[in-house]
Amino acid sequence: AAPVWSNLAPGQSYTLGEAGQAAWVEGTFTCTAPGESNIVGANPVLPIDDGENWNCKITNSLRPKITVVKDANPADGTSFPFTGELGAFGLTDGQNKVVQNTLTPDTYTVAEGPLAAGWNLDAINCQTTPGSSATTDLNADDVDITVDWGDEVTCTFVNEGSGSVHVVKDTNPENLSGQFPVTLDEDSGPYNAGWTLINDGG
């Protein structure tokens with residue numbers, strides 16, 4: 001049941017307040033009484049006359065919540081820097097950044113980079129609640145997230161590290177000199193012009 005304060009002294013004024021809660025915007029009060037002007041705002045001051053009854057409604061809005069998740073392969077401890085309206089921060093594989101207590105309905109850009117050598121951003125996968133949206137741009141390595149009150153959006157930045165091929169020359173019999181052309185092809189064609197491995201007879 002809604003709280004009721006009765007037996008208030010006429011001729012006095014009373015201030016109505018509400019304790020703040022994390023992730024919620026401070027409540028807006030709308031107070032009405034017969035013959036009185038409506039009082040709207042935070043912490044209203046209510047004058048009490050003989051027999052006067054005030055009715056107040058408190059409206060609170062849940063702040064939007066944005067979560068940024070890092071998914072890196074291989075998970076080698078590389079830290080990936082982020083910038084944008086959520087601030088600057090870094091994440092390694094499996095870590096996440098949650099922002100809520102400062103957000104209001106708006107569009108927030110989250111950008112990754114600059115990336116460490118050997119890393120690429122392969123995808124930005126976002127889950128949104130109805131009314132919110134996330135527009136990704138892999139050319140810019142960022143996402144624009146639009147949220148309203150109570151919305152939740154989670155975006156996962158997926159990175160792949162560059163692979164490598166290490167080739168060692170071993171001849172049988174040993175102690176013979178020679179040059180051996182070696183190439184590396186990918187599915188779409190030659191990866192490069194190739195190398196020449198040299199056995200120096202040692």
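A residue is called buried when its relative accessible area is under 20%, exposed when that value is over 50%, and partly exposed in between. Keep in mind that this model is predicted.

**Stop 1: an edge-to-face pair**

Select Phe-80. Is Phe-80 buried or exposed? Its relative accessible area is 1%, under the 20% limit, so Phe-80 is buried.

A pair of aromatic rings is described by two values: the distance of the centres and the angle of the planes. For Phe-80 and Trp-119, the centres are 5.1 Å apart and the planes stand at 85 degrees. An angle over 60 degrees counts as edge-to-face, so that is the name for this pair.

Phe-80 belongs to strand E7 and Trp-119 to strand E11. They are 39 residues apart, so the pair links distant parts of the chain.

Next, show Lys-70. Its charged end sits over the ring of Phe-80, 4.4 Å from the ring centre.

**Stop 2: a stacked pair and a cluster**

How many aromatic pairs does the structure hold? There are three. For another of them, select Phe-82 and Phe-89. Their ring centres are 5.2 Å apart, with 10 degrees between the planes, and the pair is stacked.

Both rings are buried. Phe-82 has a relative accessibility of 1%. Phe-89 has 12%.

Ring pairs join Phe-82, Phe-89 and Phe-157 into a cluster.

**Stop 3: the largest core**

Nonpolar side chains tend to be buried together in soluble globular proteins. Here, the largest nonpolar core has 21 residues. Select Val-68, Phe-82, Leu-86, Val-110, Ile-145 and Phe-157, the residues with the most contacts inside this core.

Which strands each supply at least two residues of this core? Colour them as you read: E6 (65-73), E7 (80-84), E8 (89-91), E10 (106-112), E11 (119-128), E13 (142-147) and E14 (152-161).

Go back to Phe-157 and show its contacts. Leaving out residues up to four places away in sequence, Phe-157 touches several residues, among them Val-68, Lys-70, Phe-82, Val-110, Leu-121 and Val-143.

Step to Thr-156, in strand E14. Its relative accessible area is 16%, so Thr-156 counts as buried. Beyond its neighbours within four places in sequence, Thr-156 is in contact with Val-69, Asp-71, Ala-123, Ile-124 and Asn-125.

**Stop 4: the largest pocket**

Switch to a surface view. The largest pocket has a volume of about 670 Å³. Its lining has 24 residues. Which of them lie nearest its centre? Select Pro-3, Val-4, Trp-5, Leu-46 and Trp-54.

Strands E1 (13-15) and E5 (55-59) each give at least two residues to this lining. E5 gives the most, with three.

Stay with E1 and pick Ser-13, which lies in that strand. Its relative accessibility is 47%, so Ser-13 counts as partly exposed. Leaving out residues up to four places away in sequence, Ser-13 touches Val-45, Leu-46 and Pro-47. Now check the distance from Ser-13 to Ile-48. Their C-alpha atoms are 5.9 Å apart, although 35 residues separate them along the chain.

**Stop 5: backbone details in the loops**

Select Asn-73 and Pro-74. A cis peptide bond joins them, with omega about 10 degrees. Pro-74 is in the loop between E6 and E7.

Move to Gly-113 and Pro-114. The peptide bond between them is cis as well, with omega near 0 degrees. Pro-114 sits in the loop between E10 and E11.

Now look at phi. Ala-23 has a positive phi of about 75 degrees although it is not a glycine. Find Ala-23 in the loop between E1 and strand E2 (28-32). Its relative accessible area is 12%, so Ala-23 is buried.

Asn-43 lies in the loop between strand E3 (39-41) and strand E4 (45-47). Is Asn-43 buried or partly exposed? With a relative accessible area of 37%, Asn-43 is partly exposed.

Methods
Residues numbered from 1 in each chain as written. Predicted model: local features only at pLDDT ≥ 70, side-chain atom pairs only at ≥ 80, totals over all residues. Heavy atoms only, no water. Core = buried A, V, L, I, M, F, W, Y, C linked by side-chain atoms within 4.5 Å. Buried < 20%, exposed > 50% of the residue type's maximum accessible area, 1.4 Å probe, protein only. Helix = DSSP H or I, 4+ residues; strand = E, 2+ residues; numbered from the N terminus. Contact = heavy atoms within 4.5 Å. Phe/Tyr/Trp six-rings, centres within 6.5 Å; stacked < 30°, edge-to-face > 60°. Lys NZ or Arg CZ within 6 Å of the ring centre and 35° of its normal. 1 Å grid on protein atoms, 1.4 Å probe; cavity = no way out; pocket = protein on both sides within 12 Å on 5 of 7 lines; lining within 4 Å. Points joined across faces, edges and corners; volume = space filled by probe spheres on them.
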